[in-house]
Amino acid sequence: MKDIIEESIKIHATAAEIWSALTDTDELENWWSEDVVLEPKVGGKFREAWEDDSGKAQLASGKVLTVKAKQEITFTWKEKDWVKDAETRCTFRIQDDKSQRVLTVVHEGWNTLPEAKRAQAIKDFTIGWKYHLKELKAYLDD
């Protein structure tokens, strides 16, 4: 099993529009969730409150590591029920492709999770990223 998730979509929007959708709280709620914060500055906060399939409250959190405005943002990701030292890294990368942009999400660092939970986490997050990217594309392309 791969230890990295990498998903890309092509979007008919400007890099500035995609950047805003990724980092503006009011826009994040239109495609991800109303409880997501991603502050586009080094040391900025990442936070996503959500409910699992059983209705149990969950929380993902992290800090922004790097920012190249309108191009790339990398942040840490930790779920509240993960073991103490488990933490992944997530990067959104925006690139030009002729008249459209390609948005790639790279989510790595799964080896910090216990082996018994790793495969399921990668599977679940892959499904989640595909869903969220499809929602983002629909939000920006429509």
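Helices (H or I, at least four residues) and strands (E, at least two) are DSSP runs, numbered from the N terminus. What I have open is a predicted model, where local features need pLDDT of at least 70, side-chain atom pairs count only at pLDDT 80 or more, and totals for chains, interfaces and linings use all residues. Residues are numbered from 1 along each chain as its sequence is written, and side-chain values use heavy atoms, with hydrogens and water left out.

**Overall layout**

I got three helices and seven strands for the chain, in the pattern β-α-α-β-β-β-β-β-β-α along the sequence. Next I checked the radius of gyration, taken over C-alpha atoms, against the globule rule of 2.2 Å times the number of residues to the power 0.38. With 142 residues, a compact globule would sit near 14 Å, and the chain has 15 Å, so the two agree. Along the principal axes, the C-alpha atoms fill a box of roughly 45 × 30 × 30 Å.

**The sheet**

I read the strand order as S1-S7-S6-S5-S4-S3-S2, an open sheet of seven strands with antiparallel pairing. Strand S1 (4–11) and strand S2 (36–38) are at the edges with a single partner strand each, so one side of each has no neighbour in the sheet. (Axes are lines fitted to C-alpha atoms, for helices over the stretch in contact, and angles run from 0 to 180 degrees between N-to-C directions.)

**Hairpins**

S2 and S3 (residues 45–51) run antiparallel and are joined by three bridges, with Val 37 opposite Arg 47 in S3. The S2–S3 hairpin has six residues between its strands, and Gly 43 in the turn has a positive phi of about 90°. Moving on, I found seven bridges between S3 and S4, also antiparallel. Phe 46 has Gly 62 in S4 as its bridge partner. Five residues separate the strands of the S3–S4 hairpin, where Gly 55 takes a positive phi near 90°.

**Helix against sheet**

I took contact as heavy atoms within 4.5 Å. Helix H3 (residues 115–141) packs on the sheet and touches S1, S5, S6 and S7, with its direction at about 15° to that of S1.

I looked up His 12, in the loop between S1 and H1. Its C-alpha is 7.3 Å from that of Leu 140, though the two are 128 residues apart along the chain. Leaving aside neighbours within four places in sequence, His 12 is in contact with Ser 99, Gln 100, Leu 140 and Asp 141.

**The largest pocket**

A pocket here is an open set of points on a 1 Å grid over the protein atoms alone, for a 1.4 Å probe, with protein on both sides within 12 Å along at least five of seven lines; lining residues have an atom within 4 Å of a point. The largest one has a volume of about 700 Å³, the space filled by probe spheres set on the points. Of its 21 lining residues, Trp 50, Glu 79, Ala 121, Asp 124 and Phe 125 are the closest to the centre. S3, S5 and H3 are the elements giving two or more residues to the lining, and H3 has the largest share, nine.

Terms used: Two strands pair if DSSP finds at least two bridges between them.
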